[in-house]
Amino acid sequence: MDMTTAAGLWLAVILSGLYHGLNPGMGWPLAVSSALFERRRSALWPALGALSLGHFAAMLGILLPFSMMTLLIDHQREIRIGAGVIVIGMGLYLAITRRHPRFLARIPPHRLTLWSFLVALAHGAALMLVPIYLGLCAIEELDAGHRAASALMATTALALGVATLHTVAMIGSGGAVAYAVHRWLGLQFLSRGWFDLELVWALSLIIVGALGLWTAF
């Protein structure tokens, strides 16, 4: 196993989680709104918990099917190329359209877990992890001699690890910003101190997808 490459990929899992958490589109302003509406800071934590649960479910919803596909050892390269193309396509779509899916606005604020799950899927947050995850699978070098059951267990456990670490990083950074906004900065910070990350988000998907293609060759 190339330990340097493995460390770099795990670092990418953490950094993507931190990036998702800092992005207001992943929901930390909703946690602030919940605390302000209930007029108590402690309301932040249940809201952040609901957001993290939905985000975690979305990560697994995308990664677990790919964990099963990695059993197709003879087609791993094609799977990684296909995943890279899908991620790039999602990034290009978001860069061109630059608009949020309207159905997300129809979900009531008290259903934060459902909202977080759907927004992570709609914005390609879960897809961003796929090339990183497949790279980690390649490092594990699951050969054809492994039994299918043990290989599936290994790749599933890896998917759980990636989703968990990513979600912890995501809710850690998002929770820190939410707490700071509620405690010190105020909602005015959103209008004067933040910027639109939609294009940055789209470009990051394209970059991750391109890296996935590059590592497949």
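This is a predicted model: local features need pLDDT of at least 70, side-chain atom pairs count only at pLDDT 80 or more; totals for chains, interfaces and linings use all residues.
Residues are numbered from 1 along each chain as its sequence is written, and side-chain values use heavy atoms, with hydrogens and water left out.

**View 1. The largest cavity and its lining.** Rolling a probe the size of a water molecule over the atoms shows where empty space is left. On a 1 Å grid over the protein atoms alone, a cavity is a set of points where a 1.4 Å probe fits but cannot get out, whereas a pocket is an open set with protein on both sides within 12 Å along at least five of seven lines; lining residues have an atom within 4 Å of a point. About 40 Å³ of space lies in the largest cavity, where a volume is the space filled by probe spheres set on the points, which are joined across faces, edges and corners. Its lining is made up of G21, M26, G27, W28, L51, M170, I171 and G174, and the largest share, three residues, comes from helix 7 (residues 148-185). Helices (H or I, at least four residues) are DSSP runs, numbered from the N terminus.

**View 2. S52 in helix 3.** S52 is found in helix 3, which covers residues 44-69, and is buried, with a relative accessible area of 15%; buried means under 20%, exposed over 50%, and partly exposed in between (1.4 Å probe, protein chains only). Leaving aside neighbours within four places in sequence, S52 is in contact (heavy atoms within 4.5 Å) with T167, M170 and I171. Of these partners, M170 and I171 also line the largest cavity.

**View 3. L15 in helix 1.** L15 lies in helix 1 (residues 3-22) and is partly exposed, with a relative accessible area of 47%. Although L15 and H166 are 151 residues apart in sequence, they are 8.0 Å apart in space, C-alpha to C-alpha.

**View 4. The largest pocket.** The largest pocket has a volume of about 290 Å³. It is lined by 13 residues, of which L9, P131, I132, L211 and T215 are the closest to its centre. Helix 1, helix 6 (129-140) and helix 9 (198-216) are the elements that each give two or more residues to this lining, and helix 9 gives the most, with five.
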